[in-house]
Amino acid sequence: MKGGKSKAAPRRTDTKLKSKSAGAGKKAGKAGKDPNKPKRPASAFFVFMEEFREKYKKEHPNNKSVSAVGKAGGEKWKSLTEAEKAPFVSRAEKRKVEYNKNMVAYNKKLMEILEQTKKSLTSQSQK
């Protein structure tokens, strides 16, 4: 066989595909996300990007590319001095403080629910 591929190569890839597809079902034991859990706060860069996107859309109304906005925002962020970044950093810190307060309240509420379920389970098992 000159220059051709061997017939064994397609068989190996077929078995790899079969083994991957066999385990492609839902993972057992993984808990779903809690919709009540507070979202993590945005970093200073993402706080900056919220403002930058609005300005960029006004300046470039015909541009529909998300990647172009991201690249332009990244370049602008890199060119900013620490003093120019300071307002975005402070806003990000405020959001982080608020997030931490919400997480403390969320965890407290979660612990109360766990204690209630433990009590109800122990009372049911004693009957």
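Which residues are buried in helix 2?

View 1. Going from the N terminus, the elements run α-α-α-α; helices (H or I, at least four residues) and strands (E, at least two) are DSSP runs, numbered from the N terminus. Of the 127 residues, 14% count as buried, where buried means under 20% relative accessible area, exposed over 50% and partly exposed in between (1.4 Å probe, protein chains only). The protein exposes about 11400 Å², with carbon and sulfur atoms supplying 56% of that; areas come from the Shrake-Rupley method with a 1.4 Å probe, and for residues only the protein chains shown count as cover. Among contacts with a separation of 6 or more, 76% join residues 24 or more positions apart, contact being heavy atoms within 4.5 Å. Because this is a predicted model, local features need pLDDT of at least 70 and side-chain atom pairs count only at pLDDT 80 or more, while totals for chains, interfaces and linings use all residues. Residues are numbered from 1 along each chain as its sequence is written, and side-chain values use heavy atoms, with hydrogens and water left out.

**View 2. Helix 2 covers residues 44–59 and has a kink.** Its buried residues are Ala44, Val47, Phe48, Met49, Phe52 and Tyr56. Their cover includes helix 3 (66–79) and helix 4 (82–126). From first C-alpha to last, the 16 residues of helix 2 reach 23 Å, close to the 22 Å expected; the expected span is 1.5 Å times one less than the number of residues. The kink is about 25° and is centred on Glu51, the bend at a residue being the angle between axes fitted to the seven residues ending there and the seven starting there.

**View 3. Helix 4 bends by about 25° at Phe88.** The end C-alpha atoms of this 45-residue helix are 63 Å apart, which agrees with the 66 Å it should span. Lys85, Phe88, Ala92, Tyr99, Met103 and Tyr106 are its buried residues, and what covers them includes helix 2 and helix 3.

**View 4. The largest nonpolar core has 11 residues.** A nonpolar core is a set of buried Ala, Val, Leu, Ile, Met, Phe, Trp, Tyr and Cys residues joined through side-chain atoms within 4.5 Å. Here the members include Val69, Trp77, Leu80, Phe88 and Ala92. Helix 2, helix 3 and helix 4 each supply at least two residues of this core, and helix 2 gives the largest share, 6 residues. For a zoom on one member, take Ala44: leaving aside neighbours within four places in sequence, Ala44 is in contact with Trp77, Phe88, Val89 and Ala92.

**View 5. The count of salt bridges comes to 2.** A salt bridge is a side-chain nitrogen of Lys or Arg within 4 Å of a carboxyl oxygen of Asp or Glu. In one of them, Glu50 meets Arg95 at 3.0 Å, N to O. That pair links distant parts of the chain, with Glu50 in helix 2 and Arg95 in helix 4, 45 residues apart. Glu50 is partly exposed at 35% relative accessibility, and Arg95 is partly exposed at 33%. Glu51 and Arg91 also meet in a salt bridge, at 3.0 Å, N to O. Glu51 sits in helix 2 and Arg91 in helix 4, 40 residues apart. Glu51 has a relative accessible area of 28% and Arg91 has 33%, so Glu51 and Arg91 count as partly exposed.
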